Amino acid sequence: MSDRASIAGRAKWLGDKDIQRLLAALSADGEEARIAGGAVRNALLGETVSDIDIATTNRPEETTRRAEAAGFKAVPTGAEHGTITVIAGGKPFEVTTLRADVETDGRRAKVRFGRDWKSDAERRDFTINALYAEADGTVIDLVGGLADLESRTLRFIGDAEARIREDYLRILRFYRFFAWYGSGRPDAEGVKASARLKDGLDQLSAERVWAELKKLLSAPDPSRTLLWMRQAGVLTRILPESEKWGIDAIHGLVKTERDLGWKPDPLLRLAAIVPPDAARMAGLAERLKFSKVESERLLQWAGAPAPVSTWAEGAFAKMLYRGEPKGFADRLRLALASARARAVEDDKALMEAGGFSRLLAFAEKWERPDFPVKGADLTALGVTQGPKIGDTLRALETAWVDSGFALDRDALLKRAAGSF
């Protein structure tokens with residue numbers, strides 16, 4: 001990757017007529033506009049580009065005027081910080097005025113708009129995120145990002161501590177981007193700075209912390225990154241539940257995901273590094289402001305019993321009916337990954353892996369059967385409304401489950417009739 005790189009030919013989206021029209025509108029009459037940040041980075045790496053951001057010398061009000069004059073919709077999503085979202089061809093583009101930080105408090109910054117591309121680049125977090133591209137694809141590198149991208153080095157721009165003090169979330173972003181794009185060892189100054197300033201993470205909202213951690217855990221292989229986070233004390237700071245539990249299980253889980261074609265699952269990976277303790281997991285979910293779906297899944301996993309590879313499918317079906325199937329499935333996935341990791345040198349573990357694989361396949365195909373007796377059926381038999389109906393239904397359901405779901409409605413009602 002030379003100092004004169006281009007994304008032309010690597011980024012088909014750059015030829016989109018709406019993008020070109022927007023860049024042209026923002027670049028007329030002495031102004032400039034360039035593709036900025038992650039879209040340039042990912043295009044150079046051959047990675048998927050999901051969001052396309054644009055930096056410009058136009059002030060927000062001028063961006064709005066020019067975008068609307070070109071027939072696009074402009075939304076002032078962050079005008080006070082210089083950002084206007086332009087809807088072009090049905091797609092959103094964040095267009096942000098060049099700026100410099102005037103004052104920061106570790107969470108947010110007051111900015112001053114400007115026209116200096118180097119100053120704008122130097123206020124960004126990492127060198128690989130401060131690349132720009134002209135409308136023809138020519139890459140503009142003002143901070144050494146191309147060389148770092150070629151070596152897969154994640155490096156703060158300028159002084160690492162100064163960048164972190166501007167926004168403590170950059171500690172987590174440092175490890176997240178290393179997990180996705182880094183190679184070898186992370187930048188030593190970045191690791192030292194994150195260790196020294198990790199207390200600043202306490203200032204961040206839970207939502208920001210969990211959003212970054214979830215993105216990190218979604219990386220193809222976050223295992224090396226988690227190790228460095230633990231050594232720096234960062235992981236324990238945001239996830240104290242992992243302190244005495246360890247992160248060794250991540251390696252086996254990632255390998256199993258690759259071998260069996262499982263999609264990387266951040267919640268399953270989180271479960272691999274924290275203890276299956278329902279009370280502690282409830283506290284974790286509340287502290288990091290999990291969604292209801294995320295909380296329920298984590299608690300179902302924590303509440304499920306540790307699986308045994310020799311469980312018979314009939315007995316397992318009863319457990320699934322009485323418990324939470326998704327929690328059992330997550331427990332089995334982690335047990336399978338652990339057994340596969342140990343199976344290299346342990347024949348017993350190899351057998352366990354086979355058992356867990358069998359049970360997981362069963363759990364994934366299992367469908368909860370419907371209990372065939374209703375309260376109205378008991379009323380028809382002459383049972384009066386009240387506790388008696390509930391007690392009888394529960395007793396019949398227990399008998400039905402114990403039979404392996406074999407007793408049909410007639411047999412259950414016959415049994416009910418004989419109990420009155």
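Mentor: Let us begin with strand β1, which covers residues 33–36. From this strand, Ala 33 and Ile 35 point one way, while Arg 34 and Ala 36 point the other way, and all of them are buried. In general, the side chains of a regular strand alternate between the two faces of the sheet. Please bear in mind that the model is predicted.

Two partners of β1 may now be considered. Strand β2 (residues 53–56) runs antiparallel to β1, and 4 bridges join them. In this pairing, Ile 35 stands opposite Ile 54 in β2. Strand β8 (residues 131–133) also pairs with β1 in the antiparallel sense, over 2 bridges.

We now turn to the charged side chains. A search of the whole structure finds 38 salt bridges. One of them joins the side chains of Asp 120 and Arg 124, with an N to O distance of 3.0 Å. Asp 120 counts as buried, because its relative accessibility is 2% and the cut-off for buried is under 20%.

Another salt bridge brings together the side chains of Arg 258 and Asp 221, at 4.0 Å from N to O. Arg 258 lies in helix α12 (residues 249–260), whereas Asp 221 lies in the loop between α9 (206–217) and α10 (223–232), so the pair ties together parts that are 37 residues apart in sequence. Asp 221, with a relative accessible area of 26%, is partly exposed.

A further pair is formed by Arg 358 and Glu 313, whose closest N and O atoms are 3.9 Å apart. Arg 358 counts as partly exposed, at 31% relative accessibility. Glu 313 likewise counts as partly exposed, at 34%.

Finally, salt bridges may share partners, and in this way Asp 265, Arg 297, Asp 330, Arg 333 and Glu 364 are joined into one network.

Methods. Residues numbered from 1 in each chain as written. Predicted model: local features only at pLDDT ≥ 70, side-chain atom pairs only at ≥ 80, totals over all residues. Heavy atoms only, no water. Buried < 20%, exposed > 50% of the residue type's maximum accessible area, 1.4 Å probe, protein only. Pairing = 2+ DSSP bridges.
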